[in-house]
Amino acid sequence: MNKIELNSDTLPTELVDLTTRYLQYLKFERAYSDHTVSNYSHTLISLMTFSAEKNLVRWQDIDDTLLKQWIGQFKREGLKASSIQLHLSAVRGLFKYLVSKREIAINPADLLVSPKQDRPLPKNLETDEVHHLLSFIPESDIEFRDKAYMELFYSSGLRLAELTGLDVVDVDVQECMVKVTGKGNKQRIVPVGSVAINAIVDWIKVRPSLNKHNIDALFISKLGNRLSARQIQQRLKYWGQKLGMANTVHPHKLRHSFATHILESSADLRSVQELLGHANLSTTQIYTHLDFQHLAKVYDQAHPRAKKSN
């Protein structure tokens, strides 16, 4: 996605021009993923269409009343609170950007109230399930590659976009660490376990056989291109099915498993926050619920007065 183009011939020019500038800013200055920029684009086109129908053709003409009406249609359609929250994030970001560029004086989105939502606990694999998933012995070049990124996922808790963005130079096999570029183009150094390092070293040995275009990407597809997020998702699903896993395996589940297992062992929430690359501790605190579930389970099994009588 090298250039932002909105399919918006019927929309007011000023709305489109400033929205395009905002999306360009997210893509090229804030390093947002193509997926996120595309989602924001769809949301903002929806808002521009709604505004144009009300004969509002400039962003400074749009107030909190119109935004509430726009959000109201999603509620009437039965859209989940989490989905409405994503729409609000795109709109809040746009108006904050417009204020910073002095295109508007007041941010009308500041007056919006986010819908309450039940935050589901992230699903993770049990330790035995992870060991089973990672127990296979690779035989082909592709399997060495798969083994390496699966071990790295669980070893370091990377996001999917962070893993696909890795280059060979980002991994220091001597110091057992990896340099990760996370959200907002922020970089952090994350430790890598010895098992994952060994798997990466084994992969790097066979990597030249797939590197047809002499690229820097750490993980490469059969065609010699940087391995995509979608390809990794498909391969993890494949391995889960091949190994007879009861639960579906996907990248985020390995990241959640990493965080949960670290927290269960250390109870060090701040360190888990740093490892995951969370900007706010509140994001990491959801794992304390998982940790409590683990402790409650142990308590129920171990304490003589915990079990209910028949």
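Colleague: Where does Ser221 lie?
Modeller: Ser221 is in the loop between α8 and α9; helices here are DSSP runs of H or I with at least four residues, strands are runs of E with at least two, and both are numbered from the N terminus. Please keep in mind that this is a predicted model, in which local features need pLDDT of at least 70 and side-chain atom pairs count only at pLDDT 80 or more, while totals for chains, interfaces and linings use all residues. Residues are numbered from 1 along each chain as its sequence is written, and side-chain values use heavy atoms, with hydrogens and water left out.

Colleague: And is Ser221 buried or exposed?
Modeller: Ser221 counts as buried, because its relative accessibility is 5% and buried means under 20% relative accessible area, with exposed being over 50% and partly exposed in between (1.4 Å probe, protein chains only).

Colleague: What is Ser221 in contact with?
Modeller: If we leave aside the neighbours within four places in sequence, Ser221 is in contact with Arg145, Leu210, Leu227 and Gln231, where contact means heavy atoms within 4.5 Å.

Colleague: Arg145, then: which side chain does it meet in a salt bridge?
Modeller: The side chain of Arg145 meets that of Asp146, at 2.9 Å from N to O; a salt bridge is a side-chain nitrogen of Lys or Arg within 4 Å of a carboxyl oxygen of Asp or Glu. Both Arg145 and Asp146 are buried, and together with Arg235 they are linked in a network of salt bridges.

Colleague: How many salt bridges does a search of the whole structure find?
Modeller: The search finds nine. One of them joins the side chains of Arg21 and Glu103, at 3.3 Å from N to O. Arg21 lies in helix α1 (residues 13-28) and Glu103 in the loop between α4 (81-100) and α5 (127-133), so this pair ties together parts that are 82 residues apart in sequence. Arg21 is partly exposed, with a relative accessible area of 38%, and Glu103 is partly exposed too, at 29%.

Colleague: What about Lys68 and Asp64, how do their side chains meet?
Modeller: Lys68 and Asp64 also meet in a salt bridge, at 3.5 Å from N to O. They are four residues apart in helix α3 (residues 64-76), which means that about one helical turn separates them. Lys68 is partly exposed at 45% relative accessible area, whereas Asp64 counts as buried at 18%.

Colleague: Changing topic: which residues have the most contacts inside the largest nonpolar core?
Modeller: Those are Leu133, Tyr149 and Phe219, in a core of 40 residues; a nonpolar core is a set of buried Ala, Val, Leu, Ile, Met, Phe, Trp, Tyr and Cys residues joined through side-chain atoms within 4.5 Å. Elements that each supply at least two residues of this core include α5, α6 (141-156), β2 and α10 (251-266), and the largest share, seven residues, comes from α6. A second, separate core has 33 residues, among them Leu26, Leu56, Trp59 and Ile62.

Colleague: And what is Phe219 in contact with?
Modeller: Beyond its neighbours within four places in sequence, Phe219 is in contact with residues including Arg145, Tyr149, Leu163 and Trp203.

Colleague: What order do the strands have in the open sheet?
Modeller: The order of the three strands is β1-β2-β3, with antiparallel pairing, and two strands pair if DSSP finds at least two bridges between them. β1 (171-172) and β3 (187-191) stand at the edges with a single partner strand each, so one side of each is left without a neighbour in the sheet. Strand β2 (residues 177-181) pairs with β3 over five bridges, and Val178 stands opposite Val190 in β3.

Colleague: Back to helices: what covers the buried residues of α4?
Modeller: The cover includes α1, α2 (34-53) and α3, and the buried residues of α4 include Ile84, Leu88, Val91 and Phe95.
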